[in-house]
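Dear colleague,

Please find the structure below, handed over for your use. A written account of the findings comes after it.

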Amino acid sequence: MKTLIIDGNNLIHRTYWTAKLRSKADQGDISNLHIYFTLNSFQHYVTKYSPDKTIVVWDKKLDYAINGRK
């Protein structure tokens, strides 16, 4: 049994900035482009790895304090 685990926050962040850069180059609107890129990436990963189960995990920041690692 193969399980695919996807880091949702990382994927959303990457696709958002990719869409923003592409829309800037095309002088277009970003309104739904990042959603398309995200769903397309999900589909690509599922097709590529053919998992039996796919899990998307998300980070949660409990407060908006400054990150202690910086």
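The notes that follow go from the whole chain to single residues.

This is a predicted model, in which local features need pLDDT of at least 70 and side-chain atom pairs count only at pLDDT 80 or more, while totals for chains, interfaces and linings use all residues. Residues are numbered from 1 along each chain as its sequence is written, and side-chain values use heavy atoms, with hydrogens and water left out.

Overall fold

The protein chain contains 2 helices and 2 strands, arranged along the sequence as β-α-α-β. Helices (H or I, at least four residues) and strands (E, at least two) are DSSP runs, numbered from the N terminus. Of the 70 residues in the protein chain, 16% are buried; buried means under 20% relative accessible area, exposed means over 50%, and partly exposed lies in between (1.4 Å probe, protein chains only). The protein chain has an accessible surface of about 6000 Å², and carbon and sulfur atoms contribute 56% of that surface. Accessible areas come from the Shrake-Rupley method with a 1.4 Å probe, and for residues only the protein chains shown count as cover. Among contacts in the protein chain with a separation of 6 or more, 71% are between residues 24 or more positions apart, a contact being heavy atoms within 4.5 Å.

The strands

S1 and S2 pair in the parallel sense, over 5 bridges; two strands pair if DSSP finds at least two bridges between them. Within this pairing, isoleucine 6 has valine 56 in S2 as its bridge partner. In a regular strand the side chains alternate between the two faces of the sheet.

Isoleucine 55 sits in strand S2 (residues 53-57) and is partly exposed, because its relative accessible area is 34%.

The helices

Threonine 15, in helix H1 (residues 8-26), counts as buried because its relative accessibility is 6%. Threonine 38, in helix H2, is likewise buried, at 7% relative accessibility. The side chains of threonine 15 and threonine 38 are joined by a polar contact of 2.7 Å. A polar contact is a pair of N or O atoms within 3.5 Å; within protein, one must be able to donate a hydrogen and the other to accept it, and residues adjacent in sequence count only if both atoms are side-chain atoms. Leaving aside residues up to four places away in sequence, threonine 15 touches His34, Phe37, Thr38 and Ser41, and threonine 38 is in contact with Leu11, Ile12 and Thr15.

Leucine 33 also lies in helix H2 and is partly exposed, with a relative accessible area of 24%. Leucine 33 and tyrosine 16 are 17 residues apart in sequence, and their C-alpha atoms are 8.1 Å apart in space.

Serine 50 lies in the loop between helix H2 (33-49) and S2. Although serine 50 is not a glycine, it has a positive phi of about 45°. Serine 50 is partly exposed, at 49% relative accessible area.

With kind regards
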